[in-house]
Each structure stands twice: as C-alpha cells, then as structure tokens.
Amino acid sequence: MHHVVFNPVAGRGKARASLDDLVRRLDQAGVGHSLHVTTGPGHATELAASSPPGATVVAVGGDGTVHEVVAGLLRAEGGRRVTSRALGVVPVGSGDDFAFALGLSRGDVTGAVARLAAGTRRRVDLAFVNGAPCANAFGTGFDAEVAHRLTLAPRFLKGAAAYLFAVLISLHRVRPVGVEVTLDGERVYAGRSLLVAAQNGPRTGGSYLYSPEAQVDDGLLDVVIAGDLDLAGTLAVLPRVMKGTHLTHPQVYLHRGRSLSVAWSAPRYGHADGESAGRERRFDVELEPGGLTVAG
C-alpha cells in the first residue's frame, strides 16, 4: 500500500489541479494507495511517522513536502537511516529540486506514477543540519535570506516569479560577512562570504544549479562557497548559477566531503530544502551515505 501525502498548498496552491490526474493514473497503473491531505505545517511529518513498516510514503508537493515526509519517516524508524519504509515523490511544487535530483521533472505526474508502479527501491544519501534531516540542499547566507523572503512574497506570485521577487529583495539586504568553513576536519575557507551551500542534489531554488555534478548517491556533499562578492559581483554571478557555469568564477569555490561546519562572525539565516533552519552563528552538516530509501 502506498500512503499518498498530498499538500494542497504546494506550488503556492497550484498543486490542487494535479490531484484528480494523480489518483486516476494511480488507479490505471494498479497502484494501491490511501490518500491523506495535509491540513497545515508539520502534518505531513505526522502522517509519515504513522505509516506502517514497509510502506511507501509518497510526498505529493514540493521540496517542503518532501522535507516533512522525510522527517516523519526518520521518526517512525527511530534513527538516522530510513531502511524499512521508502519515500516516493510526485513533484508538483514550486522548486521540486529533490525530484530533479532523482531524474523527475516538475509536474511529471506520469513519470512519477510509472516509478511507483515499477515497485523498485534504491538508496540515496541524507544530510542532517544541526541534527535535523535535509534531503536535497542546505544553504546559509544569501540563499537562505532568499528562502526567508520567499515566505513573505505576495500570494499572486507563483514559481519563478516569487523566487525572483525574493532574490531582488535579498540583494538589497545581504552583504558578505566573515565566515570559517571546515570540511572533514580541515579548514577550507576563512574570510568574507556571501553564502555557503551544501548540495546533496545539483539544484536549489527551482532554477539554480549550484553544483551541476552533484549526485544524491555518491556519499559526498558538494560544498559551494561564494566569497567576498559585492552587489555588482552578485548580479554578475547569478545568471551563471542558473546555467551552472559559475564554478569557474574566481570568487566561487567548490569542495566535497561529508562533515561540514560553517561558523559566521554574525548570525545568518539557514535553510534546509528551502525550509527555515533558523538564524545562527554556526551550522553543522553531516552526511549519512545511503540514509534514505526512495521508490524508483
């Protein structure tokens, strides 16, 4: 039995239009399922946590829905690895970056159902940010400010338009500050920085290829550090991030490892899968290789 956790406000409400199509395709494919509709923040975690051993819990929504479901699966299994239950994803949110890392395109209900119908499972890596799970990406600094501002965007803005609004607001608020970045016990950066990101998958923010070569099952985090970029420098780099060509910029650095520590000179916002990770001076990120079982 597949436990389908549907978030009706995913994609800033656009997900509602996909539900009938999803149920019809599940029925046509012979995928047994029970439907659960979330009623507010944290409900997807509760639903996933109450699933029986061996269940496939399908997150129907965006990265925020995936984030909550993963937290519930971990709660159900009582540790840092999900081995009995599996996560399924139907990407109908605003970003759908974890689905992208799994090879699914935004809105691809047909492809997602085909994977569920196949009944296969595989293991991917799972990160923990200050002890809390993170499936796709962690960021602190500029991109976390954007994630924070995104929650304040006008409701009529959807998808890329809402994200662009958040970027423009953040450009006028965030400037580089001092940071020390340690990876696997070795200091890899010390100085002023615009942002530090740890990528399990290649994309974040729905359009930004922070680390195009990142793989969710390679046992490594791709750590991207943007250095002392002023407003003009940030504006010059942002379009390159959308194409994934920014890693050749002299103020952008890429490292790979499993254990990351980010120590800011002043508190900065953090995000995990686009969800708030608080405003802290220090963030610690640990990768659990093969920590998550996914359907398909």
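This is a short chat about the predicted model shown above.

Visitor: How many helices and strands are in the chain?
Guide: The chain has eight helices and 14 strands.

Visitor: What radius of gyration does the chain have, and what would a compact globule have?
Guide: The chain has 18 Å. A compact globule of 296 residues would have a value near 19 Å, so the two agree.

Visitor: And what does the C-alpha trace span along its principal axes?
Guide: The C-alpha trace spans about 55 × 40 × 30 Å.

Visitor: What percentage of the residues is buried?
Guide: Buried residues make up 54% of the 296. The accessible surface of the chain comes to about 12,000 Å², and 53% of that belongs to carbon and sulfur atoms.

Visitor: What share of the contacts comes from residues 24 or more positions apart?
Guide: Such pairs account for 72%, counting contacts with a separation of 6 or more.

Visitor: On to the core. Which residues of the largest nonpolar core touch the most other members?
Guide: Those are Val 69, Leu 87, Phe 98 and Leu 292, out of 43 residues in that core. Helix α3, residues 63-77, supplies the largest share of this core, with five residues.

Visitor: Now helix α5. Which of its residues are buried?
Guide: In α5, residues 109-118, the buried ones are Val 109, Gly 111, Ala 112, Val 113 and Leu 116.

Visitor: What do the buried residues of α5 pack against?
Guide: They pack against helix α1 (19-28) and against the strands β1 (2-6), β3 (56-61), β4 (86-91) and β14 (275-295).

Visitor: What follows α5?
Guide: Gly 119 follows α5, and its phi is positive, near 75°.

Visitor: And α6, mostly covered or mostly uncovered?
Guide: Helix α6, residues 142-150, is mostly covered, with seven of its nine residues buried. The buried residues are Phe 142, Asp 143, Ala 144, Glu 145, Val 146, Ala 147 and Arg 149.

Visitor: Last topic, charges. How many Å apart are the mean positions of the positive and negative charges?
Guide: The mean positions are 4 Å apart, for 30 positive and 28 negative charges.

Key:
Residues numbered from 1 in each chain as written. Predicted model: local features only at pLDDT ≥ 70, side-chain atom pairs only at ≥ 80, totals over all residues. Heavy atoms only, no water. Core = buried A, V, L, I, M, F, W, Y, C linked by side-chain atoms within 4.5 Å. Buried < 20%, exposed > 50% of the residue type's maximum accessible area, 1.4 Å probe, protein only. Helix = DSSP H or I, 4+ residues; strand = E, 2+ residues; numbered from the N terminus. Rg over C-alpha atoms; globule rule 2.2 N^0.38 Å. Contact = heavy atoms within 4.5 Å. Areas by Shrake-Rupley, 256 points an atom, 1.4 Å probe, with all protein chains shown as cover. Lys, Arg positive; Asp, Glu negative; His and termini not counted. Charge placed at Lys NZ, Arg CZ, Asp CG, Glu CD.
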